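Hi there,

Here is the structure I promised to pass on. My notes follow below it.

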Amino acid sequence: MANKGYAYHVMAGITTVIWGTTMVSSKVLLNEGLSPAEIMFYRFLLGYVFLWILYPRTHRIRSLHDEALFAGMGIFGGSLYFLTENSALIYAQATDVSLICASVPLISAVLSHLALGERLSRGFRMGSAVAMAGVLLVILNGNFVLKMSPLGDILAFSAICCWAVYCLLVKKLRCSYNALFITRRLFLYGLLTLSPCFFFEPFHFEVEILQRTVVWSNLLFLGLIASSLCYVMWNSAIRELGIVKTNSYLYFSPVVTIVTAAIVLSEHLTVFILLGTALILSGLWLAGKK
């Protein structure tokens, strides 16, 4: 059992590292001319098809309650989350949005405590405070002046609330559905609830763009790895470790994002980033202690 629990911690850690690189990957695709909705469409479509190949079986949905949970996961963990987060970047600085989104573990912990009764230990509270201090250092990076944008900040906060609800729905789906089937169902509802957006912003299928190596390689990464693989691992970790422990790994995501940006976009690492990373790792260790 100890080894099994360790495996789920590894899953959560690997997923956080991969998801920390997706913002850079998405930014590359935006620069190539794809819209946020188009990126999500390709990402989820690739993930959906790939999971059908890996697990070409279907399950009988046991109740309308379960179907509603699947639909809610697709909305809150798919279309609504990605649309609110990407829209926030239009109206607010990336620093502001990143700072707000970094509070996901705190929001989800409070929600899971109220809805599911998950215990918030003293170690978790102390670790969260230390990790959040590290997140502040990493994101602000020595620049302690924030330009607030009410609409952008509201959208960013809406995004993290969507993710917290999504994690709660995953935890509530206690029936023995296969993890690949659960994630595939999530992608289906994510695609269905995304489609109305294209009535307002038409979908542009441009072969010339998709043929670019930088475009199809990043889409494959987002669809097959960051979506298919990571959502399966994340859902499994939540169901075994709980929302609080699993989401605490998301504190490390800004570190991965900034390191990836330094490698791909030639942005510079600073002493604030290194110190913030040390605080985040210390906070994760405290939060995970029994």
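Where is the place of S228? S228 sits in helix α11 (residues 213-241); helices here are DSSP runs of H or I with at least four residues, numbered from the N terminus. Before going on: this is a predicted model, in which local features need pLDDT of at least 70, side-chain atom pairs count only at pLDDT 80 or more, and totals for chains, interfaces and linings use all residues. Residues are numbered from 1 along each chain as its sequence is written, and side-chain values use heavy atoms, with hydrogens and water left out.

S228 counts as buried because its relative accessibility is 1% (buried is under 20% relative accessible area, exposed over 50%, partly exposed in between, with a 1.4 Å probe and protein chains only). The S228 side chain reaches the backbone oxygen of G223 at 3.1 Å. Among the residues that S228 touches are G47, F50, L51, T183 and F187, where touching means heavy atoms within 4.5 Å and residues up to four places away in sequence are not counted.

T183 and F187 are also among the buried residues of α8. Helix α8 covers residues 179-194 and spans 23 Å from first C-alpha to last, close to the 22 Å expected (1.5 Å times one less than the number of residues).

Finally, Y6 in helix α1 (residues 2-31) is exposed, because its relative accessible area is 58%.

Best wishes

Notes
Helices (H or I, at least four residues) and strands (E, at least two) are DSSP runs, numbered from the N terminus. A polar contact is a pair of N or O atoms within 3.5 Å; within protein, one must be able to donate a hydrogen and the other to accept it, and residues adjacent in sequence count only if both atoms are side-chain atoms.
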